[in-house]
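Reader: Could you walk me through how to read a few features of a protein–DNA model?
Author: Gladly; let us look at the model together.

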There are 2 protein chains.
Amino acid sequence: MVQIPRTPASVPSPAPRAVPTSADVARLAGVSRATVSYVLNNASAVRISEPTRRRVREAAEELGYVPHAAARSLRAGHSRMVVMPAPTFPVGPLYHRFLGELQGALGRLDYTVVQYGTVGLPGDEAARVWAELRPVAVLVPGPGLGPQGVQVLKRSGARAVVTLGTEPVEGAHALLMDHEAVGDCAGRHLYDRGRRRIGVVVPREPGLGLFSAPRVRGVRRAVHDSDATVTELPLGYDERDAERLAARWDTLGLDAVFAYNDEYAMLLCRALQDAGVAVPGGTAVVGADDLMLGRLLRPRLSTVHIELPSARDLAELVDRAVRDPGAAPERHKVLGATLVHRESS
Amino acid sequence: MVQIPRTPASVPSPAPRAVPTSADVARLAGVSRATVSYVLNNASAVRISEPTRRRVREAAEELGYVPHAAARSLRAGHSRMVVMPAPTFPVGPLYHRFLGELQGALGRLDYTVVQYGTVGLPGDEAARVWAELRPVAVLVPGPGLGPQGVQVLKRSGARAVVTLGTEPVEGAHALLMDHEAVGDCAGRHLYDRGRRRIGVVVPREPGLGLFSAPRVRGVRRAVHDSDATVTELPLGYDERDAERLAARWDTLGLDAVFAYNDEYAMLLCRALQDAGVAVPGGTAVVGADDLMLGRLLRPRLSTVHIELPSARDLAELVDRAVRDPGAAPERHKVLGATLVHRESS
DNA sequence: TTGAAAGCGTTACCAT
DNA sequence: ATGGTAACGCTTTCAA
């Protein structure tokens with residue numbers, strides 16, 4: 001592609017044109033840098049004549065001037081950037097949608113959401129890197145941030161640190177996703193339907209232990225002090241592993257299984273049926289997440305519907321925390337779990 | 001939470017402690033700011049005595065000093081930030097994984113990937129906002145960036161602009177996802193299996209037209225100059241709409257359907273079966289994306305396996321472009337499409 | 001081996 | 001109504 005320089009034709013200028021600054025705009029418009037700033041930021045405190053405004057605007061347009069965010073926030077001493085590290089665990093469609101809505105909600109409150117792709121640094125190292133951006137708030141999904149990290153972030157000016165996970169972190173606001181409730185919900189349902197020997201699928205995939213462990217605990221809690229038993233069933237997300245598990249199903253002597261989520265449930269369901277295990281006749285199956293696809297299975301999949309926190313509420317929590325950084329960390333239980341009974345249980 | 005000031009006990013300091021700067025570190029260590037910079041950046045050009053180095057490091061540690069990225073890149077005149085706007089279309093698991101790998105690959109090349117959550121500005125407005133961050137490269141998935149936007153980005157110092165979509169954009173490197181090939185692959189397969197009246201599902205969901213339109217074109221191309229017909233079938237991603245479509249299936253007189261992707265395929269498959277249409281006996285069904293879950297359907301779903309570009313290759317393309325910004329825009333066709341024949345066709 | 005000073009692009013204060 | 005100037009935090013050249 002040929003470079004077409006806008007600089008006077010006499011100059012050869014093979015070097016790429018430098019990025020225009022507000023000084024360039026000022027020069028072209030014949031005013032001072034201050035005036036440029038006033039005009040472009042619609043400063044109401046000072047009155048600039050209309051012709052001047054036009055000249056400045058035209059000069060900015062002609063040069064293709066774009067303000068330099070770093071310089072601006074350096075000068076201002078603060079920014080409205082919210083850093084959200086990319087989750088380190090495989091994220092389902094539910095959660096994915098939630099993150100999208102959250103971005104939207106924060107955007108509407110005039111924050112700039114930046115999802116930071118942390119390569120794989122250990123928690124408190126990562127916090128340092130995020131802190132270098134001097135975000136006004138940090139929203140951390142999952143674990144990987146300790147009290148140390150929170151300190152680092154706050155010390156470097158973050159007015160709000162919010163974690164979204166299963167455990168609270170000292171010094172940070174916490175949205176606690178109560179995965180035990182999910183397991184409890186499933187366990188209670190299966191028990192009520194007369195099942196007593198309950199299997200619980202534990203995904204082999206790394207990173208999911210965070211969610212699966214509390215879900216297992218929830219099931220155990222649900223049938224605590226009863227005659228029911230709970231058996232953990234490691235399962236990788238692939239057909240062959242499901243087949244292997246189904247092949248030894250009889251030896252396990254289970255009459256129900258909570259399959260971690262709908263995807264694992266569908267996988268296992270199919271394998272069980274292929275192995276000649278009747279669902280729900282021989283074994284009841286319950287998933288979680290209430291995915292559309294679970295409804296398409298035969299039998300239709302019973303599932304734990306999970307209600308994630310409202311993106312708007314979370315955005316407002318962040319905003320509140322930013323406005324009043326001194327306030328005590330809030331702690332909210334989120335994740336409503338309700339059972340949707342269909343045909344597989 | 002009680003604020004515990006580290007400042008001398010005599011000072012009341014109810015105001016939050018200011019964020020430490022390199023000047024604070026210098027003062028505490030009893031050296032100049034220059035020395036601090038040298039030590040903390042391991043500058044090899046100058047030799048600093050070991051005791052001094054230690055004093056500086058300890059001072060930085062004690063104050064919890066974290067360098068200010070904005071100030072640094074302002075001074076340096078460039079950064080290694082790669083801005084990747086969040087896709088505006090609903091993104092499937094395939095694409096999601098790809099984006100994750102891409103982040104990793106770029107991170108390994110020492111770029112800092114920042115996924116920018118654009119609220120919903122029209123294309124070239126958005127480009128301005130991205131440009132304010134002065135990224136060294138911009139990676140735009142999907143449409144929403146015109147030649148204007150590319151100009152804005154380049155003028156503000158972006159050394160590489162890469163689009164990942166269906167159409168090339170003037171001035172930008174392009175990774176062209178050939179969705180026509182997906183449709184072509186499906187259409188050819190159905191034709192070869194003797195099907196002549198082919199339906200193509202077109203999702204009603206907004207934002208998906210970008211992919212569905214070329215896929216339809218691909219099917220048409222595959223059966224061009226033959227006796228086969230192609231019928232577009234609008235379908236929303238919900239059970240009732242699928243039911244409605246299935247109810248009038250007989251009147252459509254189709255013997256095959258390419259269902260846009262596996263999820264729509266599963267939805268439609270179930271609705272067809274419920275309506276008494278045999279699959280593949282009466283109607284053959286083909287999906288796309290080769291999801292695990294498609295394999296679990298009965299009959300197992302035939303599908304178009306889609307090969308996304310290698311994240312490493314793309315990262316290297318970006319790196320190459322950054323190193324040589326003057327080079328002509330590269331244009332690569334990506335997206336290998338191969339049919340996986342199972343039982344539904 | 002270390003320090004002083006300039007400058008990156010902005011904006012807010014204080015003159016004019 | 002407009003312009004000069006200083007300062008934000010950092011790196012780097014030059015001088016000691």
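This is a predicted model: local features need pLDDT of at least 70, side-chain atom pairs count only at pLDDT 80 or more; totals for chains, interfaces and linings use all residues.

Author: Residues are numbered from 1 along each chain as its sequence is written, chains are lettered from A and ligands numbered from 1 in the order written, and side-chain values use heavy atoms, without hydrogens and water.

Reader: How many residues surround DNA strand D?
Author: A residue is near a strand if one of its heavy atoms lies within 4 Å of it. Here 27 residues surround DNA strand D, with Ser49(A) and Arg75(B) among the closest. They divide into 11 nonpolar, 10 polar and 6 charged; Asp, Glu, Lys and Arg count as charged, Ala, Val, Leu, Ile, Met, Phe, Trp, Tyr, Cys and Pro as nonpolar, and the others, Gly among them, as polar.

Reader: Which polar contacts reach bases or phosphate of DNA strand D?
Author: A polar contact is a pair of N or O atoms within 3.5 Å. A polar backbone atom of Ser49(A) is 2.6 Å from a phosphate oxygen of DNA strand D. For Arg75(B), a side-chain N or O atom is 2.6 Å from a base oxygen, while a polar backbone atom of Ala71(B) is 3.4 Å from a base nitrogen.

Reader: Is Thr163(A) buried or exposed?
Author: Buried means under 20% relative accessible area, and exposed over 50%. Thr163(A) is buried, because its relative accessible area is 3%.

Technical notes: Buried means under 20% relative accessible area, exposed over 50%, partly exposed in between (1.4 Å probe, protein chains only). A polar contact is a pair of N or O atoms within 3.5 Å; within protein, one must be able to donate a hydrogen and the other to accept it, and residues adjacent in sequence count only if both atoms are side-chain atoms.
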